[in-house]
Amino acid sequence: MLNTIIEFLKTTGIYDFFIGENGSLDTMFLIKTLIMYLIVGVLVYLAVVKKFEPLLLLPIAFGMLLANLPGTGIFHMDWFIDGVQMADGSYSHSLSDIFLNVINNGGLIDFLYLGVKFGIYPSLIFMGVGAMTDFSPLIANPKTLFLGGAAQLGVFAAFIAALFLGFNELEAAAIGIIGGADGPTAILVTTKLAPHLLGAIAVAAYSYMALIPMIQPPLMKLVTTKKERTIKMETLRPVSKTELVFFPIIVTAIVCLLVPDAAPLVGFLMFGNLLSVSGVTERLSKTAQNEFMNIVTICLGVSVGATANAENFLAFDTLSIILLGLCAFALSTLGGLLGGKIMCWFTRGKVNPLIGSAGVSAVPMAARVSQKVGQDEDPSNFLLMHAMGPNVAGVIGSAIAAGVFLAMFL
């Protein structure tokens with residue numbers, strides 16, 4: 001009877017939690033796992049109590065929890081990083097071999113993670129974002145495309161800084177994309193170039209997106225003067241339905257011809273927008289914005305969170321990524337603000353530089369921050385619609401930056 005009980009306990013996750021592969025207490029594994037549980041608790045607190053990006057941080061946190069429960073066998077990150085072992089003992093990184101191995105031997109999250117590995121989820125989320133995004137401010141004032149480009153400064157600055165810190169080119173490119181403040185884009189690039197860093201980069205990207213209202217205002221007030229912050233901009237011209245319909249088609253053609261690797265993101269972003277503005281696919285547009293996007297968000301969040309196990313996440317590289325991500329995000333904000341100041345100077349005071357900070361790709365939060373800081377100086381100042389121009393330009397800009405990195409290193 002005692003032997004039966006002992007044998008049963010050996011099959012539980014509790015046994016694996018305390019006893020290592022050598023049959024003795026693995027203190028380091030125990031400590032690292034407890035630290036991961038603490039991180040899970042922090043993310044749940046930020047999502048539930050502080051309401052920081054709860055739709056993504058909560059699934060990511062729960063995926064982390066599942067990945068750090070010993071003995072579940074629902075996810076095998078090593079298959080996707082190191083490859084799968086073949087009959088002759090060699091390891092294959094072929095997507096077809098990985099897919100077949102998941103079909104035959106995989107757990108639940110292995111199946112869900114295929115959507116990340118094949119780059120499916122980020123593009124589908126971009127379709128939902130496109131359906132929810134109004135491009136009319138950008139169409140009415142196309143000069144704000146410059147601000148979306150200027151706000152990519154942090155992407156390339158962080159890429160260079162990561163190289164100096166010892167990361168290889170693939171890892172540096174994945175880290176740099178954090179500066180675009182676009183979670184799906186960061187996930188897509190990291191999955192393709194440096195999947196072993198996915199957990200740290202995803203947590204950093206979505207955390208900084210959630211902290212935009214705290215990070216950006218001090219930088220905005222540092223770079224701009226009170227006089228600049230009180231500039232009132234002229235009302236945007238009306239945009240015709242013809243312009244709204246042709247815009248996503250033209251942008252898709254131009255961007256995908258110039259940067260083919262950006263096609264999955266930009267193409268689906270514009271397809272989602274076309275569903276919305278065409279006026280004849282209301283049901284599809286609503287589905288893309290709501291039910292479909294919610295399902296994909298759950299699958300993406302849990303899958304990405306599961307990559308953050310103790311072995312991969314608790315490393316010096318993770319701390320470096322978090323610090324580089326913060327620098328990238330700050331530099332992207334500063335790049336947009338400096339671009340705004342340049343436009344202000346060229347237009348002789350007709351452009352409020354605050355809208356430049358919205359050039360990062362966090363839609364619509366960054367535009368709302370521009371509006372709030374402007375109204376703090378002058379309650380009668382309304383910058384939201386003007387800030388939406390560079391905000392949606394930033395979405396396109398980050399997707400193009402991702403395509404450039406993929407073209408260079410994939």
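**Exercise 1.** Which residues do ring pairs link into a cluster?

Solution. The model is predicted, so local features need pLDDT of at least 70 and side-chain atom pairs count only at pLDDT 80 or more, while totals for chains, interfaces and linings use all residues. Residues are numbered from 1 along each chain as its sequence is written, and side-chain values use heavy atoms, without hydrogens and water. The cluster consists of Phe-156, Phe-159, Phe-405 and Phe-409, joined by ring pairs (centres within 6.5 Å; planes under 30 degrees apart are stacked, over 60 edge-to-face, the rest tilted).

**Exercise 2.** Classify the pair of Phe-159 and Phe-409, and locate its two partners.

Solution. The ring centres lie 5.8 Å apart with the planes at 35°, so the pair is tilted. Phe-159 belongs to helix α11 (residues 153–164) and Phe-409 to helix α24 (residues 384–409), so the pair ties together parts that are 250 residues apart in sequence (helices are DSSP runs of H or I, at least four residues, numbered from the N terminus). Both Phe-159 and Phe-409 are buried, that is, under 20% relative accessible area with a 1.4 Å probe and protein chains only, where exposed is over 50% and partly exposed in between.

**Exercise 3.** Where in α17 does a kink lie?

Solution. The kink, of about 30°, lies at Phe-247, shortly before the proline Pro-248; the bend is the angle between axes fitted to the seven residues ending at a residue and the seven starting there. Phe-247 counts as buried because its relative accessible area is 16%. Other buried residues of α17 include Leu-244 and Val-251.

Conventions
Rings of Phe, Tyr and Trp (its six-membered ring) pair if their centres lie within 6.5 Å; planes under 30 degrees apart count as stacked, over 60 as edge-to-face and the rest as tilted. Helices (H or I, at least four residues) and strands (E, at least two) are DSSP runs, numbered from the N terminus.
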